[in-house]
Amino acid sequence: MSLNISFESDISLEEDSSYDSSVISQEEIAESDAELAQQRNLDTQVLDEALDAINPDVSEADHLNTDNQVSLDDMLEAVAENENTTENEETLEIENSNVPLADEAKVTFSRDDWKIMLVNKQHPFPEDYSFPLGTISGSMRCDERIIQPLLDMMKAARQDGVSLIICSPYRDRDRQTMLFNNKIDRYMEAGMSYMDAYNLASQAVTVPGSSEHQVGLAIDIITDGYSSLDEGFGNTAAGKWLKENSYKYGFILRYPAGKEEITSIEFEPWHFRYVGVDAATIMAQNDMCLEEFWNTYVE
């Protein structure tokens, strides 16, 4: 079978010398489509599965495990056990006061501001990036600076009769690398070369170093009665509430519909990213994704 697939993450050996020549030989790269078809019997089921993977930052259905889900009650219990809760609330309530921006045209943001860090395939985060890791509940963690805004948002949702359940927050590099390598192995077992498997895996799983989950600023959200990470979440009461209200607490719908060509990610109504109230308000008012915000407001 010939692989006639175009990827944004196409790899060139001349540009990336890190590949082991014993794994990818010049002979393999020079193969014609005919030679490829003769030498490999590709598992078409695996290939179809790979091509259907349109949301690469979903973590292998971990969200279906109740141990990887956190409700508001779980968060409240965890916060009650945190001796520094009072200090954190005083610091973060100022940022989440929802004071209107005086003159939006004059507002600029520093690219060094941790809240608006741009993380995607073209902008991986620095390998030496560090941040304070805090506990949401149990083993679920994220950047501790977003825990109070997250708690405030979940409280507000409950007051409006909406249930928000957190899943897939922080993932460390080892976890992201494992997810990525698992995909490569699966595609190679289906008969692909390493290069083809790598390219395809990068479409199914975010390349390590380019996932917002790794910097603790992104969370996936589900709700009672709907635990699927798919477009249907956007039609739930929780999905609609978040779209209308999340910016008030500093969160944005990171991959909105209609912005796919800019973000390179399909619509993900469950994936929210903390950017701070000021930036989130501008993006909400101007129907911007984070990439567009950077082009306009970041210096």
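**Entry 1: the chain as a whole**

I began with contacts, meaning heavy atoms within 4.5 Å, and found that among those in the chain between residues at least 6 apart in sequence, 74% join residues at least 24 apart. The model is predicted, so I note its terms: local features need pLDDT of at least 70, side-chain atom pairs count only at pLDDT 80 or more, and totals for chains, interfaces and linings use all residues. Residues are numbered from 1 along each chain as its sequence is written, and side-chain values use heavy atoms, with hydrogens and water left out.

I then looked up the elements and found 12 helices and 7 strands in the chain; these are DSSP runs numbered from the N terminus, helices being H or I of at least four residues and strands E of at least two. Of the 299 residues of the chain, 49% count as buried, where buried means under 20% relative accessible area, exposed over 50% and partly exposed in between, with a 1.4 Å probe and protein chains only.

**Entry 2: the nonpolar cores**

Which residues touch the most other members of the largest nonpolar core? I take a nonpolar core to be a set of buried Ala, Val, Leu, Ile, Met, Phe, Trp, Tyr and Cys residues joined through side-chain atoms within 4.5 Å. The largest has 41 residues, and Met75, Leu150, Met153, Leu164 and Trp241 are the ones that touch the most other members. At least two residues of this core come from each of helix H4 (72–80), strand S3 (140–143), helix H6 (147–159), strand S4 (165–167), strand S5 (218–222), helix H9 (237–245), strand S6 (251–255) and strand S7 (268–274). The most is given by H6, with 7 residues.

I followed Leu150 and, leaving aside residues up to four places away in sequence, found that Leu150 touches Met75, Ile136, Ile166, Ile219 and Phe251. Another core, of 16 residues, lies apart from the largest one, and Val107, Val275, Phe293 and Val298 are among its residues.

I counted 9 aromatic pairs, taking rings of Phe, Tyr and Trp (its six-membered ring) to pair if their centres lie within 6.5 Å, with planes under 30 degrees apart counted as stacked, over 60 as edge-to-face and the rest as tilted. Tyr194 and Tyr198 form a tilted pair, 6.2 Å centre to centre with 45° between the planes. Both lie in helix H8 (residues 194–204), 4 residues apart, about one turn of the helix. An α-helix has 3.6 residues a turn, so residues three or four places apart point the same way.

Tyr194 counts as partly exposed because its relative accessibility is 22%, whereas Tyr198, at 18%, counts as buried. I found H8 to be largely enclosed by the rest of the structure, because 8 of its 11 residues are buried.

I also looked at Trp241 and Tyr249, whose ring centres are 6.4 Å apart and whose planes are at 20°, so the pair is stacked. Trp241 is buried at a relative accessible area of 8%, and Tyr249 is buried at 17%. Elsewhere, Phe109, Phe293 and Tyr297 form one aromatic cluster.

**Entry 3: the loop between S5 and H9**

Is Thr236 buried or exposed? I placed Thr236 in the loop between S5 and H9, and it is buried, with a relative accessible area of 13%. Its side chain reaches the backbone nitrogen of Gly239 at 3.0 Å. Not counting residues up to four places away in sequence, Thr236 touches Thr223 and Tyr226.

**Entry 4: two positive phi values**

Most residues other than glycine have a negative phi, and with that in mind I noted two exceptions. Ser168 has a phi near 45° and lies in the loop between S4 and helix H7 (173–189), where it counts as buried at 9% relative accessibility. Asp287 has a phi near 50° and lies in the loop between helix H11 (277–286) and helix H12 (290–297), but at 55% relative accessibility it counts as exposed.

**Entry 5: Asp112**

Last, I looked up Asp112, which lies in the loop between helix H5 (85–95) and strand S2 (133–137) and counts as exposed at 69% relative accessibility. Asp112 and Glu299 are 187 residues apart in sequence and 9.1 Å apart in space, C-alpha to C-alpha.

How values were computed. A polar contact is a pair of N or O atoms within 3.5 Å; within protein, one must be able to donate a hydrogen and the other to accept it, and residues adjacent in sequence count only if both atoms are side-chain atoms.
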